[in-house]
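Biologist: I would like a close look at one residue and its setting. After that, take me on through the rest of the fold.

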Amino acid sequence: MPLQIESFEAYRSAQKKSKHNPEQFWAEIANHFDWQRPFKEVHSGKMEDASTRWFGDGQINITENALDRNLRERGDQIALHWEPNDPNSEGQSFTYSELHRTVSQFGNAMRAMGVKKGERVVLYMPMVPELAIAVLACARIGAVHSVVFAGFSAQALSDRIEDAQASMVITANAGRRGAKTIPLKATVDEALKENQSVQNVIVKSVTSDPCFMDTSRDVWWKDAMLSTEPLAPCSAEIMDAEDMLFILYTSGSTGKPKGVVHTHGGYTVYAGYSFANVFQCQPGDVYWCSADIGWITGHTYIVYGPLLQGGTTIMFEGIPTFPDPGRYWAICEKYKVTQFYTAPTAIRALMACGDEHVERYDLSSLRVLGSVGEPINEEAWHWYHEKVGHSKCPIVDTWWQTETGGIMISGLGNLSPQKPAHAGYPLPGIHPVLVDPEGNTIKDNGKEGLLCIAAPWPSMIRTTYGDHERCLNTYFRPFPGRYFTGDGAKRDENGMYRVIGRVDDVINVSGHRFGTAEIESALNQTPGVIESAVVGYEHEIKGQGIHAYVICEQFPSESESIEMAKAAEGQVILGIGKIARPDRIQFVAGLPKTRSGKIMRRILRKIASGDFDQFGDTSTLLDPSVVDEIVDKAKRLI
């Protein structure tokens, strides 16, 4: 069986085979990759207790597949283009040979500093080439990388370093985003104040801004590189297929972030397979995903997926509107991008800036457009298709999660039917099912249900780091024998899936998931605040905005509420980061609670969305009059 599907009929055949003989199907896919020791056992374990293992007796290092095997035929091909924040600055490009050499040198530097197989390394970096190099170097030497988005606060970073018990942090003195310079090393220093596990901090100098360096702990990137022989080989660590590759923290419905664990074997197979098929990349294609490597999209579809397929991938340091709203399209023209993958948030924001910013660029090289992070609305879908793709580029509206490791439901390049706002069909080997709250299968098309996955796949989450019970309770116990996604969805008459969005207490802001509990926990740290409740509402740019209902010890006056709101926002920025700052803060005297003390969030969601007369049964509320007071103030706020 070829790795890349070549027709919709071949897709149907592959999906049928994956259902009737999944072990043979996945064995054939896995054998397209280079194994240090070939596997004999394809799959073992059960969904019920998340004990699933893929290719468990095999050995594989993802970097031998992403780098070494490409040296044979395409050593001089560009592997990575880096586009800087400032369009007038010079970028960088790395051939496969150069990238292999640089990754090897940095891997040797890490080994020389004592980093061993299995140790955790936290990366808190801007979108510079050294971030991708460090990710690959960690995997090369068997260290477990954990990338933390460089917009998170010192407290959020500290929580992740502590949970992972990292021995090293890799960062930069600062980062550049548009017209802003963001201090990063200072944030790391703050995060490490009480830390006992971190032995070394490597700092890349990105700007001319000075930063404090602890000579007993900190070393500049260039000095670490100079300490090793540039051309010395760096052997890829022998890795069992089920050895950890990375931990990536994602928000959950409780306050503490979850450390999602992925492994070398299953992740390699599915990242390579899904990338090859969804984007239909061919030799010579130039692929660009505009995400940040701090999120799973950047892991799978900036770094690993394209390199596993021998492609050319682009990293972009900046933002879509700097120095003007034509920046994305200027980059597409400059590099003659063939596949472009971005978020609905960016599409909506650029759509609002006017068509003239798109029309002045030559986008004729584009063949496939992708959307990721949240369901794309129909208006944005049509604009993207017509204005960016000139009505000739298919849109792959991809649905997947940090926990799934790779795209699960999507079109396959130009092979699949297209339908606005529908993710489409599951990839071969992925078997979704819709269930009702009792776990009964919904067979009728057109009915909304809870989206589950009925069979294991290679890149599925293995555990939540250090807390397997949490993994079981979140994903595998709600509907035994199935993986519960936390999303609602429906299926049309042709079997195409439309994902509606989260059904748990998670808010999806610009494609980034935040647990309501972690935002509430930060709000409640504000002096004078005694309780809060956070919900999401539809936002025309970000997909979902954050509406916070806040109770204070003393109800603030109109002038006091401005200062109190600033203080509450500050606590969220301090505890999580600016990306989680509430869009609205509404001060209330009480919250709609049942007699057992549970907050009735569906009412708060309705109010935040402006649906002031559709609350349903409120007879179970302890004090129904609270709702009228909240509605009255919300009308003025909204």
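Biologist: In which strand does Lys180 lie?

Modeller: Lys180 lies in strand β9, residues 180–183. Helices (H or I, at least four residues) and strands (E, at least two) are DSSP runs, numbered from the N terminus. This is a predicted model, in which local features need pLDDT of at least 70, side-chain atom pairs count only at pLDDT 80 or more, and totals for chains, interfaces and linings use all residues. Residues are numbered from 1 along each chain as its sequence is written, and side-chain values use heavy atoms, with hydrogens and water left out.

Lys180 is exposed, at a relative accessible area of 55%. Buried means under 20%, exposed over 50%, and partly exposed in between, with a 1.4 Å probe and protein chains only.

Now the paired charges. Side chains of opposite charge can pair when their charged atoms come close. The whole structure holds 29 salt bridges. Each is a side-chain nitrogen of Lys or Arg within 4 Å of a carboxyl oxygen of Asp or Glu. One of them joins Glu28 and Lys17, at 2.8 Å from N to O. Glu28 sits in helix α2 (residues 22–30) and Lys17 in helix α1 (residues 8–20), so this pair ties together parts eleven residues apart in sequence. Glu28 is partly exposed at 22%. Lys17 is partly exposed at 25%.

Another bridge runs from Lys204 to Glu130, with the closest N and O atoms 3.3 Å apart. Here strand β10 (residues 200–204) supplies Lys204 and helix α5 (residues 129–141) supplies Glu130, 74 residues apart. Glu130 is buried, at 10%.

Glu403 and Arg513 also meet in a salt bridge, at 3.1 Å from N to O. Glu403 is in the loop between β18 and β19, and Arg513 is in strand β24 (residues 512–515), so the pair ties together parts 110 residues apart. Glu403 is buried at 0%. Arg513 is buried at 14%.

Phi of Ala421 is positive, near 70°, though the residue is not a glycine. Ala421 is buried at 3%. Gln280, also not a glycine, has a positive phi of about 50°. Its loop runs between α9 (264–278) and β14 (286–289). Gln280 is buried at 11%.

Helix α14 (residues 378–388) has buried residues, including Trp381, Trp383 and Tyr384. They pack against several elements, among them α11 (327–335) and β18 (395–397). His390 follows α14 with a positive phi near 50°.

Last, Glu48. It is in the loop between β1 (43–44) and β2 (53–54). Glu48 is partly exposed at 42%. Its contacts (heavy atoms within 4.5 Å) include Leu472 and Phe476. The C-alpha atoms of Glu48 and Pro480 are 5.6 Å apart, across 432 residues of chain.

Definitions and conventions:
Lists of a residue's contacts leave out its neighbours within four places in sequence.
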